[in-house]
Amino acid sequence: AFICGGCNRVFKSQRALSMHLFHSDLVCKESIQTARALAAGASSVCPAPVVPPQKEATFICGGCNRFFISSHALGVHLSLPANLCKERIQTARTLAAGASSVCPTLVVPPAPSPSSKAGEQLFEEMRQDSASDMLAHFRFDKLHSGAAIQDFKAGLGPLLDVVAGELQRRLVTGQLHSVSSQAQIEEMFDVFKGLSTEKQEAAVMRQRFGSTIIQPVRRELGTRTMEVKDAEGFVQSTHTVTDACYDVPVSATVARLLQHNPEALRQVRETSRQWARNPPPHGTSDVVYADITDGQAFRQHPHFMQPSTDDEEASTLRIAFLLYYDGITTTNMLSGSGQHSIGVFLYTLINLSPDVRTALPFIQVATIALEADVKRYGAHVVVGGEGDAAGSSFGAQLRSFDKGVMIDLPAARGGYVSTKCCGWLAQVHADYPAAQSLSPFKESTAADRFDRASNVDSSAEGYGKPSSYVRQGEGINTFWELRDRAGVLALIQSALTMQGGLAAQRKYLSKHGLRADKCGPGFGPGSHWWALHSFYFPGFDSIIAQPSDMMHMREEGILKLECAAMLYLATRKKGRAWFTLSDVNAAILTYPWPPGERPITITETTLQGSHGVPDQGIHLRFTAAQTLHFTIHSINLLQPLLSVEARQDPVWLSWVACVDMTVMMQRSQFSEADVLELDRRIYHHQTLFCLVPEYKLLWKPKHQFAQLAPAQIRMNGPLRSTSCMRFEAKLQDIKAIANCSNYINICLCITRTWGIRSGRDLYSQKMIKWSAPTFTAATEGCLVTVDNADRTVAWVMRSLDLALVELTELTSLVDKKLLYTPGTTWVIWSCSGGREDLAAVQPLSLVERLFQLDDCGIPQEHGRRIRNLTFVVLRVYQLNLQQTTGDALTLSKAALMEARANPVRDELVTLDSLSWSPFHMFVGQESVTFQPVQ
């Protein structure tokens with residue numbers, strides 16, 4: 001630690017301490033003198049006005065009466081984030097109250113004296129840092145191109161020349177009181193000195209941010225011979241090309257995250273201790289799937305749920321990795337090469353809480369390669385790391401983590417301690433083509449056996465009909481069975497031992513949906529293990545731990561298809577003609593959508609078909625999020641437009657069943673009963689779907705994937721935790737970086753730019769805010785009402801010795817992507833304290849007020865810390881509700897008016913005690929519907 005001897009303030013670096021000491025006369029001594037003056041009863045808290053040296057220095061600060069020799073100096077003084085004159089007042093009052101520290105929390109040094117050598121050195125550093133920050137903002141935050149930044153630098157030069165000329169004129173005419181030569185002035189205004197090129201900018205970044213910026217590693221994949229042909233197709237020359245990809249070493253990014261993010265380190269340590277204790281399996285009567293770690297795939301992993309055998313193993317951190325793979329396409333408009341297809345391998349840590357695990361700052365880049373190279377050399381080389389002597393690939397890095405990697409982590413008492421970290425791949429997310437390329441199965445849905453999770457056969461009689469993987473009984477089809485790792489290896493072993501040669505073996509594997517070239521080295525030249533085989537990733541079961549992506553199966557598949565088909569039949573004269581498309585668009589524009597959820601209107605060209613039958617490729621032109629929002633609200637949106645007969649039509653009944661299925665899939669946790677209920681809803685929807693004759697040709701492979709959802713929850717946790725939506729958002733960032741490159745070496749540009757960008761964000765703590773564990777404050781002995789809620793919260797603060805906590809009333813709150821608005825949002829609240837007076841009350845309550853508590857980082861005497869603890873004031877009503885579509889609740893308008901006229905009571909609870917999602921209320925002609933917010 002670097003400590004100031006005058007005020008005992010602690011600084012993070014020698015440079016910060018040097019800046020402080022250089023200005024200690026202004027900061028420390030003035031604070032001490034002002035504090036003594038206040039303690040003696042002086043009425044003024046500002047130092048005496050500074051007498052200007054000359055009449056020309058007439059620029060005065062109205063806050064502290066300081067004089068400045070130029071308007072620019074005064075402007076800088078007034079624009080400081082923490083004004084020094086205000087800080088003197090605050091520091092003086094703190095000293096007068098008996099505080100031991102005499103320095104303000106944030107010190108902004110004034111401009112250094114040009115006559116001092118130390119001041120000149122400090123000026124050089126400050127000038128370069130400021131210019132570097134500005135350029136980094138343009139290059140890494142705004143993702144401007146290098147050419148645009150160079151134009152900015154060039155355009156700034158003439159402006160600074162004008163300023164320098166005016167400064168020289170004033171010096172010559174004697175208007176300024178310090179004399180400098182022309183060379184010194186020009187050198188002083190050279191703000192981009194040492195930053196004239198992108199390479200120099202990167203060097204300064206590495207110097208400033210140190211280990212937080214990770215350099216990519218170039219890894220050669222192989223060489224090949226390219227032919228140069230003329231216009232007639234004749235070979236003119238040949239040359240050898242070396243193909244390469246770029247890795248960001250996993251050990252370096254994990255170390256960077258754990259060293260610079262204390263909350264991430266705490267969560268990794270906590271989950272590691274939980275897994276090392278080997279908790280017993282869930283009881284058979286109360287099984288709840290709330291996260292990836294509750295699934296059978298994670299619990300059956302040979303490393304995560306094993307008890308520690310000694311003290312060394314107990315102190316080892318266990319890290320669970322989640323890998324994601326997909327491709328992006330970027331276009332170079334100035335080149336004849338056109339589009340560039342890039343393979344992107346990303347990962348995150350399952351140890352992090354589900355709320356932030358897939359937040360963009362915590363999704364790390366593993367490898368960037370051209371898609372052509374991934375296909376040419378195979379994913380087992382690019383991500384599996386076969387032949388990787390340097391050990392920078394994702395597979396090679398995880399094989400090192402399997403043995404243990406030593407990482408220097410912050411210790412509780414200061415400093416760093418070398419800690420053994422072990423990690424393994426626990427789950428893989430990808431869309432269908434990318435996931436199939438990492439597995440031993442065929443990569444097209446045109447194959448008969450196209451599913452990697454089951455033995456579904458598109459040529460069999462049961463294809464295109466409802467089927468279940470988790471229920472059995474009369475009237476329930478069970479056409480297909482789930483695959484497992486033992487069964488796949490048995491098929492491969494059977495192929496190896498069968499007679500008939502290589503052709504017969506390949507035919508046998510193809511019949512079962514397997515590609516022989518990825519089933520091991522025994523099936524001819526070029527054959528190898530698939531990329532996710534345990535040979536490359538120890539302990540990983542790629543058959544059950546590679547779930548189908550919910551977003552592509554549901555929003556991008558079933559929902560877009562069936563909703564468009566339903567609207568086509570409902571608006572066409574040769575169909576049902578229930579309403580017109582103009583009616584639908586008018587309803588979209590007038591419907592009370594939650595903020596930010598209203599989709600775009602639907603065009604005529606979207607609903608394509610012929611002779612009253614929708615086209616096989618019909619779909620809504622919505623984004624995935626717009627599709628989900630429209631689906632959830634579609635019943636309330638469209639049902640008023642339907643007649644009584646139309647509401648009983650199979651087309652509408654199938655869509656209602658689809659909405660029921662979708663709403664339940666959105667749940668964040670499932671019990672065993674919920675899993676069976678979801679399977680029943682999927683089965684019911686597909687039964688109704690098959691009853692619509694116009695849908696005969698609309699059955700897609702994604703309907704088969706939907707049948708797997710209940711079994712997938714058992715294997716990998718809730719469907720929300722296996723969605724690719726956040727990774728798709730990360731791909732947009734990667735694509736924006738690619739579009740800013742010069743396309744000469746696009747993979748290097750992406751990894752290098754991401755390394756600097758993520759390092760700056762981590763160093764500057766520009767990360768999402770963590771919500772620390774909160775506690776439920778008791779209100780025994782204090783009757784709360786909506787009117788006295790603020791006083792009640794203050795009483796709770798005093799009872800918990802939280803006098804230093806800031807209390808803020810909120811007009812709205814977004815928690816876990818759910819919006820709470822006082823006076824609008826309804827919630828389900830269940831009292832867990834055994835309150836008899838609420839035993840018969842339906843726990844649907846209206847959010848009346850929101851309060852947020854924050855201790856501003858101040859530790860309390862009892863050691864408890866509060867960060868963003870939210871109190872909710874609820875008005876509880878006794879309502880006779882009925883469950884209708886999905887999880888929606890309804891009651892009559894008269895019953896609601898009567899209940900609101902006679903509320904049961906008001907309650908003060910914490911946000912984490914709300915047991916269900918918030919609801920939005922939609923008022924109809926005769927009834928009121930409460931629709932869960934998704």
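## Ground rules

Because the model is predicted, local features need pLDDT of at least 70 and side-chain atom pairs count only at pLDDT 80 or more, while totals for chains, interfaces and linings use all residues. Residues are numbered from 1 along each chain as its sequence is written, and side-chain values use heavy atoms, with hydrogens and water left out.

## The big picture

The protein has 30 helices and 26 strands (DSSP runs numbered from the N terminus: H or I of at least four residues for helices, E of at least two for strands). Of its 934 residues, 48% are buried, meaning under 20% relative accessible area with a 1.4 Å probe, protein chains only.

β11 pairs with β12 (residues 416-430) in the antiparallel sense, over six bridges (pairing takes at least two DSSP bridges). Across that pairing, I407 has T419 as its bridge partner. Five residues sit between the two strands of this hairpin, and G414 in the turn has a positive phi of about 100°.

## Rings

There are 22 aromatic pairs, counted for Phe, Tyr and Trp (six-membered ring) when centres lie within 6.5 Å; planes under 30 degrees apart are stacked, over 60 edge-to-face, the rest tilted. F450 and Y463 make an edge-to-face pair, 6.2 Å centre to centre with 85° between the planes. F450 is buried, at 1% relative accessibility.

Elsewhere, F321, Y347, F394, F401 and F537 form one aromatic cluster.

Technical notes. Buried < 20%, exposed > 50% of the residue type's maximum accessible area, 1.4 Å probe, protein only.
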